[in-house]
Amino acid sequence: MQTITEPSRQIPVVDEIDVLVAGGGPAGIAAAVAAARLGVRVMLVERYGYLGGLASGGLVLYMDLLFDRHGDRYIGGMGWEMMEQLRAIGGLAQDSPTRLHADSELFKVIADKLCIEAGVKLRLHSWAVDTITEDGVVKGVLLEGKSGRQAVLSRVCVDATGDGDIAAFAGAGYDFGAMRIGLNLKVGGVDLVKFRAFQQAEPERAKVLRTEVVQAGGYPLDVGSTPHRDLGVYWVNIRGLAQRDETSEYDLTHHGFEGTLSAVDVEDLTYAEVELRKRLKVALDFYRDHVPGYENVRLLAIASQLGVRDSRRIRGLHTLCQADAESGILFEDVVGTMGATYAEHYHLQVPYRSLVPQTLDGLLTSGRCISVDEKLIHALRLIPPCMVTGQAAGTAAALSVKANLAPRELNVVALQKQLVADGVILPNSVDRNLNGFSHPEIAEAITKNTNL
């Protein structure tokens, strides 16, 4: 490959802060707000001109794993606060008490509000392109944008980029996964009552139409609720592409999320953007012409962000795995819980060690780039779980700064106590009994303020 040598240059340091959060998606929002509320200086860096990531620009609007299948809520803290604030301004749709869908645009508004009120310094339209790392310690990040190349120094950085960009730039080890890449959309003019009546009256014909739209090069349009569903406005989750030059025969015979497209390869991403927009148009035309209830369907928006499901997963001090969920293990360093449908326990815990890289200091991970295996990433990559790990990472970063400790040296009981105080649901949280599951050591330490 031909190369050029870029001349050395002086990069201006535009800020020195305590906690730098890279990535303004659900994990980054939760991390930045949690840290700022503890009184440290926080900057949130985001490559787009808005916050929310896949929950806003990506049109991934179902808020999954807030509850378990029995209806018990396992996610509190920032994740639940976001739901309550959205509800207050008409930004939440409910198919049932436990099936919540957010409004993509109001999600942006609430994210802005939470950050500004907490004192987070926002830096939008800025790509994090490298780190300032010395002797295995991340001490800042290099940014690129319309203002040119700039540096921000930090005491602790939280990687909320989704793809683990910051950790990878700094030299962290990681595992890499590839799943189908989707591109969601929002539609209007859908008569869902008519469509469901057709499904019930002619189930075999409905199945045939799903096959035919795929054969035509499109996708089934399975709609999810929005606050404007009374006007026929819905969002559509698209399973997406698994590979280049994907045929209808492939899509009809491969029903999982496995794929080969790389979320960190610009050529794969470009291919996915263009190909998916073409296929969405095919799907809309097919449904308008052939499917009862969709005669007046209209395209309102195609997501401005691709639906990436997996890429880099940073190797941490503990890799959260499917066996952990199935066994119902109680982690002594648990920093978050979420509803799940694994085994008989119906909940999932996240240990602090899964947020701490094996080798790097000055850095914590959050969102779908934490240390998790290829099976459990299906749960951890969802919107509310990302807010859970984001809040844990942001809180830990702030406490590390205040205690002048590396994040790996932080007293985990102090972290747990702060998380509980901020509304996070942990085993034996003082305000909730989670189906009786408990961890005596954690409960005793939190209750008696020991080891603080």
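A residue counts as exposed when its relative accessible area is over 50%. Keep that cut-off in mind as you look at this structure, which is a predicted model.

Start with His125, in the loop between β5 (121–123) and β6 (126–134). Its relative accessible area is 52%, so His125 is exposed. Now check the backbone: most residues other than glycine have a negative phi. His125 isn't a glycine, yet its phi is positive, at about 55°.

Move along to the loop between β6 and β7 (137–145), and you'll find Asp135. Here too phi is positive in a residue other than glycine, with a value near 50°. Asp135 has a relative accessible area of 83%, so this residue is exposed.

Next up is helix α5, which covers residues 192–201. Leu192, Phe195 and Phe198 are buried there. Those three sit on the same side of α5 because they cover an arc of only 120° around the axis. What do the buried residues of α5 pack against? Their partners are α6 (203–215), β11 (223–224) and β12 (234–236).

## A strand pair

Finally, take a look at strands β3 (residues 92–96) and β4 (residues 99–102), which pair in the antiparallel sense over four bridges. The hairpin that joins β3 to β4 runs through two residues. To see how the strands line up, find Leu92: it stands opposite Ala102 in β4.

Key
Residues numbered from 1 in each chain as written. Predicted model: local features only at pLDDT ≥ 70, side-chain atom pairs only at ≥ 80, totals over all residues. Heavy atoms only, no water. Buried < 20%, exposed > 50% of the residue type's maximum accessible area, 1.4 Å probe, protein only. Arc of directions from axis to C-beta. Contact = heavy atoms within 4.5 Å. Pairing = 2+ DSSP bridges.
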